Amino acid sequence: MMKHLIAPSMLASDLGRINEEIVMINNSEADWIHVDVMDGHFVPNITFGPNIVEAMAKFAQKPLDVHLMIEKPERYVQSYINAGASILTVHLEACTHLHSVISMIRDKGIKAGVSINPHTHVESLEDILEELDMVLIMSVNPGFGGQKFIHRTLAKLRRLREMVTERNLQILIEVDGGIGLQNAQPLLMAGANVLVAGSSIFGTPDPLDTIRKFKAIGSDSW
């Protein structure tokens, strides 16, 4: 069993000193840098374009975990890969031809993930699981940071872990939204192995120590 990964979310960072924030993550025990891309259509907010991700990549020494919360993501796959994404995740709800989009990403030589919103059942992933490197379960409605965790996520994680185990797949299960030190262990026990945390890291007096505490949490139930 692999040790869980921590991916601080840049959405919650101080964007006025984003380079310093990335250097902080470089010097931490975090594993990835999570980048939420929003288009103002699929979700009601606008965030990082490819040029900003490219600027992040110049400072980042850890993989960029890029989450596309955008309509028709196939139009921008190549742009974000060129910008420096190491993992590219698209939303099931945003893709008319999901298999084609996943193939497009993997054919470029990077990891491909699919995310589902809180209202989407994990069974909707049945026909795509074998083609994925990662599934991202949203534990809040996407669009804004700092939302309250949706507790039904724990049951979804347990079901997804069952599906992955039954098929003997080596898929990462990431969870994003309302995650802090207080609920990290139940999420890991339910089946997650990648935790995205934003304000619960960047909003603390010592983000390096908070990341260290996230990494120290045990997860030995699966």
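The stops below cover a strand, the nonpolar cores and several salt bridges.

This is a predicted model, in which local features need pLDDT of at least 70 and side-chain atom pairs count only at pLDDT 80 or more, while totals for chains, interfaces and linings use all residues. Residues are numbered from 1 along each chain as its sequence is written, and side-chain values use heavy atoms, with hydrogens and water left out.

**Stop 1: strand 1**

Select residues 5-8, which form strand 1. Helices (H or I, at least four residues) and strands (E, at least two) are DSSP runs, numbered from the N terminus. Leu 5 and Ala 7 point one way, whereas Ile 6 and Pro 8 point the other way. In a regular strand, side chains alternate between the two faces of the sheet. All four of these residues are buried (buried means under 20% relative accessible area, exposed over 50%, and partly exposed in between, with a 1.4 Å probe and protein chains only).

Ile 6 has Leu 195 as its bridge partner in strand 8.

**Stop 2: the nonpolar cores**

Select Met 10, Val 35, Val 66 and Leu 88, the residues with the most contacts inside the largest nonpolar core, which has 65 residues. Such a core is a set of buried Ala, Val, Leu, Ile, Met, Phe, Trp, Tyr and Cys residues joined through side-chain atoms within 4.5 Å. Helix 5 (residues 153-166) gives the most to this core, with five residues. A second, separate core of eight residues includes Ala 7, Trp 32, Ile 87 and Val 196.

**Stop 3: salt bridges**

How many salt bridges does a search of the whole structure find? The search finds eleven, each being a side-chain nitrogen of Lys or Arg within 4 Å of a carboxyl oxygen of Asp or Glu.

Select Arg 17 and Glu 21, whose closest N and O atoms are 3.4 Å apart in a salt bridge. Arg 17 is partly exposed at 35% relative accessible area, whereas Glu 21 is buried at 8%.

Move to Lys 215 and Asp 31, which meet in a salt bridge at 2.9 Å, N to O. Lys 215 lies in helix 8 and Asp 31 in the loop between helix 1 and strand 2, so this pair ties together parts that are 184 residues apart in sequence. Lys 215 is buried, at 12%.

Conventions
Two strands pair if DSSP finds at least two bridges between them.
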